[in-house]
Amino acid sequence: MATNDSGSDLMVRTGLPDDQKVLLTHYPREAWGTVHTIGELGRFWIERHDMFRELGGLLVAGVDHLKEGQFDAAGFARWFAPRLNHFLGDLEGHHQIEDMQYFQLFAAADGRLARGFELLEADHLLIHTLLERNSVAANRFYEDLLSGSTQVEYSRDAYAAEAGSLLKGLMRHLEDEEDLLIPLLLDQGERKFGGY
């Protein structure tokens with residue numbers, strides 16, 4: 001379990017703790033894909049993360065468009081539900097695979113990074129809670145949209161707050177995960193972890 005120092009709180013930290021940047025200093029983000037070639041596994045990881053960034057941002061922007069009158073309630077509900085289900089389901093599955101398979105493998109590959117992967121696992125616990133809260137708020141909002149409830153503005157704003165909180169934590173987590181993982185893959189090669 002990650003320690004409770006100020007660097008471990010997902011919602012306030014500004015990056016990985018300094019002691020977990022040991023490989024990042026040798027493989028800085030700005031050199032990925034230029035100086036250092038990212039292999040198939042690393043590219044897959046970044047593409048998945050980019051999909052979560054894009055879809056999460058799209059959902060938040062969609063609520064703003066609804067507020068601005070660019071959607072009617074029924075049209076928004078039809079647009080919203082499949083995208084939200086895809087986002088929440090894929091994110092939960094992605095984290096389960098990381099926790100059950102990859103993080104232990106990565107942490108064992110370089111013991112200096114073990115604390116970083118523990119930090120990411122702790123993030124997953126908080127993100128899971130945020131996902132559950134997001135889902136509850138989204139269901140209420142969706143039901144209010146379909147029923148034409150007078151509470152729809154309240155449930156819309158409650159969902160928007162939950163979605164904003166989830167997205168804030170998720171964006172920090174994804175960046176920190178990449179800053180830990182990609183340098184490890186570059187340093188040790190992807191074949192060690194099942195890549196090419």
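**Exercise 1. Work out the handedness of the crossing of α2 and α4, and say what meets there.**

Step 1: The crossing is left-handed, meaning the near helix is turned anticlockwise from the far one by less than a right angle. Helices here are DSSP runs of H or I with at least four residues, numbered from the N terminus.

Step 2: This is a predicted model, so local features need pLDDT of at least 70, side-chain atom pairs count only at pLDDT 80 or more, and totals for chains, interfaces and linings use all residues. Residues are numbered from 1 along each chain as its sequence is written, and side-chain values use heavy atoms, leaving out hydrogens and water.

Step 3: The two axes (lines fitted to C-alpha atoms over the stretch in contact, with angles from 0 to 180 degrees between N-to-C directions) come within 12 Å and cross at roughly 35 degrees.

Step 4: Now look for contacts (heavy atoms within 4.5 Å). From α2, residues including F80, L84 and F87 take part, and among those they meet in α4 as a group are Y159, L166 and L170.

**Exercise 2. Find which residues have the most contacts inside the largest nonpolar core.**

Step 1: Such a core is a set of buried Ala, Val, Leu, Ile, Met, Phe, Trp, Tyr and Cys residues joined through side-chain atoms within 4.5 Å; buried is under 20% relative accessible area with a 1.4 Å probe, protein chains only.

Step 2: The largest has 27 residues, and F76, F80, F87, F141 and Y159 have the most contacts inside it.

Step 3: α1, α2, α3 and α4 each supply at least two residues, with α2 giving the most, eight.

Step 4: Zoom in on Y159: its partners include L59, V63 and F141.

How values were computed
Buried < 20%, exposed > 50% of the residue type's maximum accessible area, 1.4 Å probe, protein only. Lists of a residue's contacts leave out its neighbours within four places in sequence.
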